[in-house]
Structure formats: structure tokens, C-alpha cells
Amino acid sequence: GARHYDMTQLQPYQIYNELYNSKKVLEEKIGGEVDFFAYPSGTDKELSQEAILIAGKIYDFNFIFLPGKNQFVNANRYLIRRTGVSPHYSVNHLKALISGTKDFLYSRRLRRLEHFLDTAIATWER
């Protein structure tokens, strides 16, 4: 496990094996539960419907790498946003990220992932 594959290139059984085995290895090493998962790379370009659903069945909370605020009242535990920062960012850029004024730049990509999730859930519930 833990090879950081592009999940769009894996079959569902491969995704399951990678995520499940990684969880078990980590739990053995720390002697406790692992409930959180951050998708490798975590961008919408490297996630599939299957990856989102499988991760949701194995882990309680799953993080993507799209900047933005999470509305925890209505939080989607399959697609929790996270914002990366760099020491090269200016103070103004950091303020814009933290305040959410740049969230609109990523809204289309987030909607794409939400559509993946909705479609996958509908397909798997049949």
C-alpha cells in the first residue's frame, strides 16, 4: 500500500486493496484507529467515482486537495476540502485563502467531484 497511485488508473479492487491495506498497516503501527484519509494528490484530476465511494466505506473522513472552507454543518465527509500553503505565499495570498475569497476559483472542480459522488452513490444503490 501507500504508493500514491493515480486512482483513475486503478480498478476498484486495486483501490480497495490499497486503501484497506494502508489503513491496517497504519493502525498496527500506531496501535489505534485510523479514521481519516487524504487522497493521494487529492485533486479532481486523479479521483474516480469508485475511489470516492471506496474511501468512504473504509475511512470516516476523506480529504481532497482543493482549497476552500468546509461548511461543517453540511460537511460532505467524502470530500473535505483542504488548503495547501507554501512558504512562498505572500501574506495577502494567505489572507485570501483563509478568508475564502478565492474559493470560487475551485467551485467548478468541487462540483465535478460532487457529481462523481452523486452518480456513484446512485449506481451502487441499484
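Helices here are DSSP runs of H or I with at least four residues, strands are runs of E with at least two, and both are numbered from the N terminus. This is a predicted model, in which local features need pLDDT of at least 70 and side-chain atom pairs count only at pLDDT 80 or more, while totals for chains, interfaces and linings use all residues. Residues are numbered from 1 along each chain as its sequence is written, and side-chain values use heavy atoms, leaving out hydrogens and water.

Let me begin with helix 1, residues 12-30, which is followed by Gly31, a residue whose phi is positive, near 70 degrees. Which residues of helix 1 are buried? With buried meaning under 20% relative accessible area and exposed over 50%, using a 1.4 Å probe and protein chains only, the buried ones are Ile15, Glu18, Leu19, Ser22, Lys23 and Glu27. They lie on the same side of helix 1, because they cover an arc of only 150 degrees around the axis, taken from the directions from the helix axis to the C-beta atoms. On the other side of helix 1, Tyr13, Glu28 and Lys29 are exposed.

The buried residues of helix 1 pack against strand 1 (36-38) and helix 2 (49-58), where contact means heavy atoms within 4.5 Å. Tyr39, leaving aside residues up to four places away in sequence, touches several residues, including Met7, Ile52, Phe63 and Arg82.

Terms used: The expected span of a helix is 1.5 Å times one less than its number of residues.
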